[in-house]
Structure formats: C-alpha cells, structure tokens
Amino acid sequence: QVHLLESGGGLVQAGGPLRPSCAASGRTFSWFVMGWSRRGAGKEREFVADSSRSAGSTDYAVSVKGRFTVSRDNAKNTVYLQINNLKPEDTAVYYCVARSELTARGNYDYWGQGTQVTVSS
C-alpha cells in the first residue's frame with residue numbers, strides 16, 4: 001500500500017506560479033512511476049505528467065508541456081509539480097498518482113486525496 005498526501009494547491013492569478021508537492025509513505029517510493037493527474041469541474045480526469053522511477057525521464061500532456069515540470073526526490077519520498085504561467089483552464093483538483101511500470105500511463109495503482117488549484121483571470 002502507498003499513501004499519497006498532496007499539499008501546495010491554492011488560489012492564484014493567471015500567469016502566476018504554483019508548486020504542489022506530494023509526500024508518499026508505505027511501500028518503497030522508488031519502485032513507482034510517480035505523477036500527477038487532474039480533474040476540472042464537469043470534466044473527465046486527465047493525465048498531466050509522469051516521472052520515471054529514477055527521474056531519468058518525464059512525460060507530459062500536450063496541454064501543459066512547457067509550463068509544467070514534474071520532479072521527484074527519492075530520498076525524501078516526494079514528488080513535485082512546478083506550474084508556471086497558470087491559465088484559468090488549469091483550474092482543477094490535482095491528484096498525486098503512483099503506478100508500477102507494468103501499469104499503463106493514465107491507469108494508476110494509487111491516488112492521493114487531491115489538492116485544489118484555482119486560477120483567477
């Protein structure tokens with residue numbers, strides 16, 4: 001079992017930055033691909049970003065590429081999402097997610113409770 005706890009969401013003006021983070025506990029953090037998913041009001045859940053087990057590679061949704069950066073610190077069991085140039089359409093609940101390498105992207109084994117990010121125009 002892996003427990004994921006997000007923090008760092010909030011209300012931000014468009015164009016501003018935010019850096020949610022996620023602390024993991026339970027099974028060995030470095031075993032998992034870590035990432036972020038989000039769900040806006042009335043929208044489907046969507047993939048945002050993934051970081052490989054060693055942090056050697058990352059993957060992003062087209063809609064966030066160039067503005068979002070996912071990183072992880074395996075020594076601290078923490079994954080981060082640096083968000084720059086926030087847009088109103090980024091408003092959503094952001095979920096920290098974990099999956100094994102055998103689980104396809106977008107299908108996760110563990111989820112956090114989520115942190116709300118609201119972008120005002």
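Residues are called buried under 20% relative accessible area, exposed over 50% and partly exposed in between, with a 1.4 Å probe and protein chains only. The model is predicted, so local features need pLDDT of at least 70 and side-chain atom pairs count only at pLDDT 80 or more, whereas totals for chains, interfaces and linings use all residues. Residues are numbered from 1 along each chain as its sequence is written, and side-chain values use heavy atoms, with hydrogens and water left out.

Two asparagines were examined for backbone geometry. Most residues other than glycine have a negative phi. Asn 85, although not a glycine, has a positive phi of about 50°. Asn 85 lies in the loop between E8 and E9; strands (E, at least two residues) and helices (H or I, at least four) are DSSP runs numbered from the N terminus. Asn 85 counts as partly exposed because its relative accessibility is 42%. Asn 77 also has a positive phi, near 55°, and is placed in the loop between strand E7 (68–73) and strand E8 (78–83). With 28% relative accessibility, Asn 77 is partly exposed.

One disulfide was counted, a disulfide being a pair of cysteine sulfur atoms within 2.5 Å. The bond joins Cys 22 to Cys 96, with an S to S distance of 2.1 Å. Distant parts of the chain are linked by this pair, since Cys 22 is in strand E3 (residues 21–26) and Cys 96 is in strand E9 (residues 92–99), 74 residues apart. The link of Cys 22 and Cys 96 is left-handed, with -80° about the S-S bond. Both cysteines, Cys 22 and Cys 96, are buried.

Gly 9 is in the loop between strand E1 (2–7) and strand E2 (10–13), and Thr 115 is in strand E11 (residues 115–120). The C-alpha atoms of Gly 9 and Thr 115 are separated by 5.3 Å, although the residues are 106 apart along the chain. A polar atom of the Thr 115 side chain lies 3.1 Å from the backbone nitrogen of Gly 9. Thr 115 is buried at 10% relative accessibility, while Gly 9 is partly exposed at 31%. Leaving aside neighbours within four places in sequence, the residues in contact (heavy atoms within 4.5 Å) with Thr 115 include Glu 6, Pro 20 and Tyr 94.

Side chains of opposite charge can pair when their charged atoms come close. Six salt bridges were counted, each a side-chain nitrogen of Lys or Arg within 4 Å of a carboxyl oxygen of Asp or Glu. Asp 50 and Arg 99 form one of them, at 2.8 Å from N to O. Asp 50 lies in strand E5 (residues 46–51) and Arg 99 in strand E9, so this pair ties together parts 49 residues apart in sequence. Asp 50 is buried at 3% relative accessibility, and Arg 99 is buried at 11%.

Arg 67 and Asp 90 meet in a salt bridge of 2.7 Å, N to O. Arg 67 is in the loop between E6 and E7 and Asp 90 in the loop between E8 and E9, so parts 23 residues apart in sequence are tied together. Arg 67 and Asp 90 are buried. Salt bridges with shared partners join Arg 38, Glu 46, Arg 67 and Asp 90 into one network.

Methods:
A polar contact is a pair of N or O atoms within 3.5 Å; within protein, one must be able to donate a hydrogen and the other to accept it, and residues adjacent in sequence count only if both atoms are side-chain atoms.
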